[in-house]
Amino acid sequence: MPRLCSPEILHDALLTNLTAEVADLFANWPAVQATAQRWLLALREKPAPVGSVQRIMVDYPLTGDEGRALMRLVEALLRIPDRATALDFMTDQLARGRFDLHAVSAEGISKLSSHALDFAQKCLNARDRNLLARWTSFPIADVAAKVLEHMGTQFVFAHDIDGAMKRAGGRKQAQTWHSFDMLGEGARTMADATRYTDAYRAAIFRLRRDADSSVMQCDGISIKLSALEPRYEPAHAEQLQRRLLPVLQDLALEACRANIHLTLDSEESWRLELSLDVLDALLERLSRIPETRTWTGLGLAVQAYQTRAPEVIDAVAALARKHQRRLMVRLVKGAYWDSEIKRAQELGLATYPVFTQKHETDLCYLACAQRMLAASDVIQSAFATHNPLSLSAVQFLATKYGVSDWEWQGLHGMADTMLDVLDKDQPTLRKRIYAPVGAHENLLAYLVRRLLENGANTSFVRLLADPSTPVENLLNLPVGDKTSNSVLPAPTGWLGFENNKLQRPLARGLDMHEELSRDGLSKAFEAAKKRTTPVADATAEMLIAARASAMVAWPKWEATPVADRANMLRRAAAEMENQLDDWAADLVLEAHKSWPDAISEVREAVDFLRYYANEAERVLAPVSLPGPTGESNMLRLTSRGPIACISPWNFPLAIFIGQVAAAVVCGNPVFAKPAEQTPKIAARAVALLHRCGVPKDILHCLPGAREVIGEALIAAPEIAGVAFTGSVRTAHHLARALAAKSGPLTPLIAETGGINVMIVDSTALLEQATDALIEGAFRSAGQRCSATRLVLVQEDVAEPLIALLRGAMAELNLGAGEDFTTDVGPVIDAAAHAMLRRQIDALGTRAKYLAAAPCPPEFENTHIAPSLWDIGDIDAMQNVKEEIFGPVLQLARFTAAQWDDLPQHINALGYGLTLGLHSRIDSRADELEQRCRVGNIYINRSTIGAVVGVQPFGGCGLSGTGFKAGGPNYLLRFCSERTLTINTAAAGGNADLISGGAG
C-alpha cells in the first residue's frame with residue numbers, strides 16, 4: 001500500500017490545513033455549542049454514579065498524593081503473591097497520603113474506602129511499635145485489599161466472557177451494545193500470544209451464541225495485534241506473514257461466521273504503517289474466501305492524537321475500495337500519549353508523532369470525523385468520545401453528509417452518565433461500550449492508561465467534574481492560545497532552557513521503524529564497505545615525534561580561549577550529527593554493532609562533544625574567593641599536561657571521543673590510543689576534530705598493540721594523566737606502571753565494568769522486569785560495562801519470571817549487525833569468543849542451565865547465544881568472582897525475609913558500577929541508594945543506556961576511580977588548580993577602606 005508521510009511533518013502547517021478543512025463546521029459552531037450545552041448541563045445535573053471510575057477520579061485526583069498512591073495500590077497489591085511483601089507495599093504507599101481527609105469529603109464507596117485505608121494506614125504505621133497492631137496487621141491489610149479489589153473491578157467489565165455477556169444483557173433494549181477487549185497487552189512470548197489468541201477465540205465463540213442477523217446490532221470484540229505476536233515490529237514483517245496472518249485470518253473468519261464485528265485495536269505510532277500493511281494483507285486473504293465477502297464487521301481503531309491520523313482515514317478508505325469492502329473505523333482520541341512523548345525524546349526525533357496539546361487533538365478528531373463521514377460508502381463510522389462538544393460536532397457533520405448509521409462509543413466506567421443522557425436525548429442513536437474483560441493481573445497497562453488519560457487536569461472528564469469550571473469554558477473552539485507557554489519543547493530540547501537559551505540540545509536520532517530511515521542506513525552501509533582504507537599502526541618513532549610536537553604546541557593551545565576550544569567541539573558535534581547514518585554504518589562494519597546500538601553510540605558521542613564544550617566554559621571560568629581587606633584571591637583551573645586516552649572496542653566512538661574531547665577542551669595535548677579492533681573509527685573521529693580546529697600537534701591518534709604503543713605511552717615522562725576504560729586487570733596493570741614511574745604522580749581516571757545486579761521483588765510487574773533484563777543483559781551481545789550480569793529475584797516470583805525470560809529469549813534473533821532483524825550480534829573477535837566459551841563452561845560446573853536463545857549454525861563461531869543460569873540462593877553470590885563480558889545472565893533467589901541482607905551481598909562483590917531494582921515499594925529505592933556502594937542505580941528500567949549529563953556514568957570499588965563521565969565533575973580530573981593572591985594594599989595602603997569602600 002502507499003506509504004504514509006513521515007511523522008516529522010510541519011506542525012503549524014498541519015494545524016492550518018486541519019483548521020481550513022473544518023472551516024464550514026466552525027462557521028456553524030453556535031449550533032454545535034447549543035446541542036453540546038444541553039448535554040453538558042444534563043451531565044452536570046447527574047453526578048457520576050457512586051463507586052464509578054468517574055467518581056473515583058474526582059475523589060482521588062492524580063494531582064494528589066492519595067490519587068497516585070491509590071493508583072499504585074489498585075494496580076499492584078492484588079498480584080503480589082506473598083503477604084509479607086504485600087504488607088510492606090501497603091505500608092509504603094499508604095504513608096504517602098492523608099486518607100483521613102478524604103474520608104470526610106468523599107461519598108459512597110470512596111468514603112468507605114478512605115475510612116478503611118485511613119485505619120489501615122494508622123495500624124500499619126504502628127506495627128513496629130505496638131504489639132496489638134502487629135497482630136492485627138494481616139487482617140486489616142486483607143480488609144483494605146478487598147476494598148482495593150472492589151475499586152479495581154470498576155475498571156473491568158467482567159472477569160470472563162460469560163460474565164461479560166450476562167452483564168451486557170441489560171442494555172440491549174436501549175440500543176446499546178459492547179465491544180469486548182480481552183485485556184490483551186503486548187505479548188513477550190509465544191506462550192503469551194497463544195493465551196491471548198485462545199481468549200479471543202473463546203470470546204468469539206461465546207458471542208456467536210447471541211449474535212443477531214445484523215453485524216452492527218450485536219456485541220463484538222476488539223483485539224490487539226501486538227498481543228497476538230511478540231515481534232509485532234516493522235523489521236519483522238516477513239515473519240508476521242508466517243506467524244501472525246494465519247492466526248488473524250482464523251479469528252476474522254470465526255468473527256465472520258459469528259456475524260460480529262472484529263476491531264483491530266490501537267497500537268503505538270511506530271506500528272502505524274505496519275498495522276495498515278497487516279490490514280491490507282488480511283483483506284487480500286479474506287477476498288479469496290467467498291463467505292467473508294459480504295461481511296462488514298472488520299475494522300480498526302484510529303487515534304486522533306497522532307499527527308498522521310487524517311492520512312490513516314484516507315488510507316483505510318483506499319484499502320476498502322481496493323478490496324471492495326466496507327470497513328469499520330473507530331475514532332478515538334488516543335491511548336499512549338505519555339509513552340509516545342517519552343519515546344520521541346529518548347530517540348531524539350525531529351518532532352513528536354502525536355499532538356502535544358489537547359485542543360490540537362480535538363481539532364484533528366473533527367477533521368478525521370469529517371473524512372470518515374465523507375467516505376461513508378466504504379467506512380462504517382464509530383466515534384469514541386466522552387466530550388459532548390466533540391460528539392455534537394460529529395452529529396452536525398453526520399447530518400451534513402447525510403449519514404445516519406454511525407454510532408457513539410464510550411469506555412466502561414467512564415461513560416455511565418453520558419450513556420444515560422444519550423439514552424434520553426438520542427434514543428435512536430446506536431451506542432456501544434468498550435468493555436475490558438479479564439483477570440486483575442492483566443489489568444495494569446489498561447488501568448494506568450485510563451487513569452492518566454481521564455485523570456489529567458486537561459481531560460474533559462476531569463473538567464466536567466470540577467464545579468469551578470464554567471460550562472461555557474467547555475464549549476470553545478478547539479484552537480490554541482498563541483501566547484501559551486504549555487507547548488512541549490522539541491524532543492531534543494527537553495533538557496530545558498536557562499536565561500531563555502537552550503542549555504544543550506540532545507543529539508538528533510532517527511526512528512528505525514520508519515522505512516525511509518532503514519533505506520538511508522542500508523545505503524550508508526554499502527558506502528562504508530567501500531571505505532576500506534586500512535589504518536596503519538603507530539610506531540615507537542611516531543610516538544616519540546608526537547610527544548615532542550605536543551610539548552611545543554601545548555603552551556599556545558593552553559592559551560587559546562576556552563570559548564574557542566569549546567566551539568571546535570560544537571562544530572564537530574554538528575558535523576557528526578548531520579552524518580549520523582555514515583558514522584553508524586562505520587560502527588556496524590568495524591565494531592559489529594547492531595543498528596540501534598550504532599545509532600545510540602553516535603548520538604552519545606555528539607552529546608559528549610556538546611556537553612563538555614558547555615562544561616569547559618563553566619568549569620574553567622575564574623572564581624573570586626573571599627579574603628581580608630586589601631587582598632584579592634582568584635582560583636583558576638589550568639590544563640594538567642599531556643593526557644593518554646586509552647579507549648575500549650565496545651564503545652569505540654562514544655568513549656573514545658568523550659575522553660579526547662574532555663582532555664583537549666581543558667587545554668591539554670592528547671595521545672589517543674584506540675582499541676586494536678577498532679582503529680578506523682578512531683582515526684575518523686580524530687580527523688573530524690582536526691577539521692574543526694583542534695591542532696594536529698595537540699591531538700595524536702596512536703593505534704597499535706598494547707605491548708608496543710600502550711606500554712610506551714604510559715612510560716612516557718611527559719604524561720600527566722591517563723583516562724582508561726577497560727578491564728580491571730588492565731587497570732591494575734596501569735596503576736602499577738604509573739606508580740612505578742619516577743617524577744610527578746600521574747592520576748588514573750578508570751572505568752572498569754562490573755558484576756551489575758538487578759533486583760526483582762514480588763511487587764514488580766514481571767513483564768517490565770523481563771523487558772529490562774532482556775535489554776540490560778543481552779543487548780550489544782552483553783558487551784557493555786553497564787550490562788546486567790546477575791538478577792536477584794524474590795523466590796515467590798522466581799518461576800514465573802524464569803518462564804517469561806525463557807519465552808522472551810526464544811524470540812531473540814542472532815544475526816549480522818547490518819540485518820535490521822538482529823537483536824544480538826557477534827562478539828567482537830575470535831579471542832573474545834573463545835574466552836566467553838571457557839567462562840560459560842566453567843559456569844556450568846556450579847550453576848544450573850535454565851535457557852538460551854536459539855543460535856543458527858552459521859553463527860556458532862562468531863556469536864554467543866544469550867543464556868540464563870540459576871546459581872542458587874543469595875549466599876551463592878560469593879562464588880561470582882569475575883565479570884563475564886558477554887550475553888550471560890546469572891540468577892539467584894532470595895526470600896522476603898532476606899531483603900535487608902541484599903546490600904551487604906551486593907557490596908561484597910567488590911564492584912560498584914550499576915544496580916537495578918524492579919519494585920513498587922518506593923522506600924526500597926531510597927534504602928538501596930543509601931546502603932549500596934554503586935555508581936548508578938536504576939529503578940524500574942534497565943541498567944544500560946545512560947544519557948550524557950542526565951545519568952553521569954561511572955562507578956567505585958573495582959568499577960573505577962571516578963569522576964563520572966558525562967557529569968559536572970568529570971573535567972576537573974583533566975585540570976590543575978591555581979590560586980592567585982594579590983596584596984592590593986602593598987602600594988601604600990588600602991584606598992578602598994580609607995575611602996569608605998568595602999575593601
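The lining of the largest cavity takes at least two residues from each of α14 (272-286), β4 (298-303) and α15 (309-322). Helices (H or I, at least four residues) and strands (E, at least two) are DSSP runs numbered from the N terminus. The model is predicted, so local features need pLDDT of at least 70 and side-chain atom pairs count only at pLDDT 80 or more, while totals for chains, interfaces and linings use all residues. Residues are numbered from 1 along each chain as its sequence is written, and side-chain values use heavy atoms, with hydrogens and water left out.

**Cavities**

- The largest share of the lining of the largest cavity comes from β4, with four residues.
- The space in the largest cavity is about 150 Å³.
- The largest cavity is lined by 16 residues, and Ser266, Glu267, Leu272, Leu300 and Ala301 are the closest to its centre.
- By class, the lining of the largest cavity has eight nonpolar, four polar and four charged residues. Ala, Val, Leu, Ile, Met, Phe, Trp, Tyr, Cys and Pro count as nonpolar, Asp, Glu, Lys and Arg as charged, and the others, Gly among them, as polar.
- Over the whole structure, the search finds nine cavities of 30 Å³ or more.
- A cavity is a set of points, on a 1 Å grid over the protein atoms alone, where a 1.4 Å probe fits but cannot get out; lining residues have an atom within 4 Å of a point. Grid points are joined across faces, edges and corners, and a volume is the space filled by probe spheres set on the points.

**Helix packing**

- Helix α3 (residues 29-45) and helix α18 (residues 388-401) cross at roughly 135°, and their axes come within 8 Å. Axes are lines fitted to C-alpha atoms, for helices over the stretch in contact, and angles run from 0 to 180 degrees between N-to-C directions.
- α3 and α18 are therefore oblique to each other. Angles under 35 degrees count as roughly parallel, over 145 as roughly antiparallel, 65 to 115 as roughly perpendicular and the rest as oblique.
- The crossing of α3 past α18 is right-handed, meaning that the near helix is turned clockwise from the far one by less than a right angle.
- In the contact (heavy atoms within 4.5 Å), α3 residues including Trp29, Trp39 and Leu43 meet α18 residues including Pro388, Leu391 and Phe396. The contact of α3 with α18 has 12 nonpolar, three polar and no charged residues.
- Helix α22 (residues 515-530) packs on helix α25 (residues 580-591) at about 60°, with the axes 8 Å apart. That angle makes α22 oblique to α25.
- α22 passes α25 in a right-handed crossing. Among the residues in contact are Gly520, Phe525 and Lys529 of α22 and Asp581, Asp582 and Asp586 of α25. This contact of α22 with α25 comprises seven nonpolar, one polar and four charged residues.
- Helix α27 (residues 654-665) and helix α28 (residues 679-691) pack at about 35°, with their axes 10 Å apart, and the crossing is right-handed.
- Phe656, Ile657 and Val660 of α27 make the contact with Ala682, Ala685, Val686 and Leu689 of α28. The contact of α27 with α28 has seven nonpolar, no polar and no charged residues.

**Backbone geometry**

- Most residues other than glycine have a negative phi, and most peptide bonds are trans.
- Gln324, not a glycine, has a positive phi of about 50°; Gln324 is in the loop between α15 and β5 (327-332).
- Gly962 and Phe963 are joined by a cis peptide bond with omega about -10°. Phe963 is in the loop between β26 (956-957) and β27 (975-983).

How values were computed. 1 Å grid on protein atoms, 1.4 Å probe; cavity = no way out; pocket = protein on both sides within 12 Å on 5 of 7 lines; lining within 4 Å.
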